[in-house]
Amino acid sequence: MPTDRPTAAELVEAVREFLTDHVAPNVEGQLAFHTRVAVNALAIVERTMAQGGAMDDAELARLRELLGQDGDLGEMNGALARAIRSGAMDNDRAAVLEHLRLTAEDKIALANPRYLTPRG
Amino acid sequence: MTADINRKKAEIQTLDLAAVLRGRVQDVYGPGTEIDGLVRLSGGASRETWSFDALLPDGKRKPLILKRDPLNEIRDGNTDGQPGGANVLLGVDRWTEGRLMQLAGEVGVPVPEVPFFLDADDRTSAGFVMQRLDGEALGRRILREDAYAQARPKLAFQCGEAAARFHDIPIDRLPELPSLTATEALDYHQDVIDAFKQPHAGFEYGIHWLRERLELAGDRLTLVHGDFRNGNLLVDGAGLRGVLDWELGQLGNPISDLGWICIRAWRYGYYDKPVGGFGEVADLLDGYEAAGGGRVPLERLRFWEAFGCLRWGVVCMIMAFTHIDGRERSLEKVSIGRRAVEGEYDLLQLVD
């Protein structure tokens, strides 16, 4: 990935700002709704670019510890999913659940950080 | 196709529909009945809804809603008029949906009346017509607006009552429906996840947990609404006015409906009210018991709430893959895919 500015993250940010500041105020109905959806999608991309790498590293480290093997994130998640289904992790439930909860928390933080806060 | 041709086509389709409806209201309400104010309310890719009034010869007005299959499907010879020819994903046909509403109404569930049906022909797809009731169905508004402040504290109990009543409809009175036991429902969701070829440890843990506790699920098999939640409830100032959208009606475990209405997706941020963002679990279960559904153990409700979280996650993934596979390119659908983690997160809080 080139490091020249604008970075990919800065371009995504610029598109999001364009949609928010220039498109959203000038559309209505379904188009306004879909503009908000687009803005949210770009915000997810921005958060993922900023935080995703560190989250992946932490997840992979936990998976190595749990499974006692190495591989990329896709392979390791596949291995954990198969091990859970077969019952091979039944004796390590607490550790598996803790790992899965931490991973889900990270994914929520990227996808929809407000989910954890009541609007009430 | 140009916008002009599309507009012309839509005009012709509206005229065709008006002619069909005029004929049908005259069959049902007598000669001289006219229709007025026919207007399309929504047209997703899946269903169309239309609003109109029947004007009776004595001057009375009947406010009505038509729900029908999308026209392009019948033109392509796809899914119209196959009674019971349904799966848990696509839902039942419109005649079955309307029939379920009639049956629910007969046992005291608040639902719009369904006075007549439409056959698919060269002018319309299959559909059913229902009473247009006053009230609000948008979940957020029901939770936020002052007009429903008196209604909100009653809704959980009323939802429990309604569910107990439609769960009690004798199976031999029901039209042909897809049927899933708890085990089959778990298998089904696991198969759907497997088909995405994206191993998912979080949902796998939930499925494993649920499989180990299948005895908690209970073994009743009844009519279930299939999408019983805030968003499919019509509410007015006095409380529950109608249970809407019966298209996912099926034979299943009745408590799946109670678990589904409790998942966080339907609380719209009002997290301290577990039932639809408006009510308490105790009220839901009290209403269910009061209307003859029996006392539901909390452990059973927890099982079905966990199952509901799994289902919500899988629904989100299905939407995303509709886009990813290219069946329907849609920014909205692919974005909903990221909400799968909401179901996953909540599921992992419920299990141990």
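Helices and strands are here DSSP runs, a helix having at least four residues and a strand at least two, numbered from the N terminus. The structure is a predicted model. It scores ipTM 0.95 and pTM 0.93.

**Overall form of the two chains**

On that basis, the secondary structure of chain B comprises 12 helices and nine strands. Chain A, by contrast, holds four helices and zero strands. From its N terminus on, the order of elements in chain A is α-α-α-α. The radius of gyration of chain A, 19 Å, is well over the 14 Å that the globule rule gives for 120 residues, so chain A is more spread out than a compact globule.

The table sets out several properties of each chain.

| Chain | Property | Value |
|---|---|---|
| Chain A | Span of the C-alpha trace along the principal axes | about 55 × 45 × 20 Å |
| Chain B | Box filled by the C-alpha atoms along the principal axes | roughly 65 × 45 × 40 Å |
| Chain A | Buried residues | 14% of the 120 residues |
| Chain B | Buried residues | 48% of the 352 residues |
| Chain A | Contacts between residues 24 or more positions apart, among those with a separation of 6 or more | 46% |
| Chain B | Contacts between residues 24 or more positions apart, among those with a separation of 6 or more | 67% |

**The domains of chain B**

Chain B is divided into domain 1, residues 3-131, and domain 2, residues 139-350. Taken over C-alpha atoms, the centres of domain 1 of chain B and domain 2 of chain B are 27 Å apart. Where the two domains meet, 21 residues of domain 1 of chain B are in contact with 23 residues of domain 2 of chain B. The side of domain 1 of chain B that touches domain 2 of chain B consists, by class, of 14 nonpolar, five polar and two charged residues.

**A helix with a buried side**

Helix H9 of chain B covers residues 281-290, and among its residues B:Leu284, B:Leu285, B:Gly287 and B:Tyr288 are buried. These residues lie on the same side of H9(B), because they cover an arc of only 160° around the axis. Helix H5 (152-167) and helix H8 (255-262) of chain B are included in what covers the buried residues of H9(B). After H9(B) comes B:Gly292, which has a positive phi, near 95°.

**The contact between the chains**

Chain A contributes 27 residues to the contact and chain B contributes 21 residues. On the side of chain A that touches chain B, helix H2 (29-67), helix H3 (73-86) and helix H4 (93-111) of chain A each supply at least two residues. The largest share of that side, 10 residues, comes from H4(A). By class, the side of chain A that touches chain B has 15 nonpolar, seven polar and five charged residues.

**Confidence in chain B**

The mean pLDDT of chain B is 92, with 93% of its residues reaching 70 or more. One stretch to read with this in mind is residues 74-87 of chain B, where pLDDT stays under 50. For these residues the model has 31 contacts beyond four places in sequence.

Definitions and conventions: Residues are numbered from 1 along each chain as its sequence is written. Chains are lettered from A and ligands numbered from 1 in the order in which they are written. This is a predicted model: local features need pLDDT of at least 70, side-chain atom pairs count only at pLDDT 80 or more; totals for chains, interfaces and linings use all residues. A residue is buried if 20 or more other C-beta atoms lie within 10 Å of its own, exposed if 12 or fewer, and partly exposed in between; C-beta atoms are placed from the backbone. Two residues are in contact if their C-beta atoms, placed from the backbone, lie within 7 Å. Domain bounds come from an automatic or database domain assignment. Ala, Val, Leu, Ile, Met, Phe, Trp, Tyr, Cys and Pro count as nonpolar, Asp, Glu, Lys and Arg as charged, and the others, Gly among them, as polar. The arc is that of the directions from the helix axis to the C-beta atoms. pLDDT is the predictor's confidence in each residue, from 0 to 100. The radius of gyration is taken over C-alpha atoms; the globule rule is 2.2 Å times the number of residues to the power 0.38.
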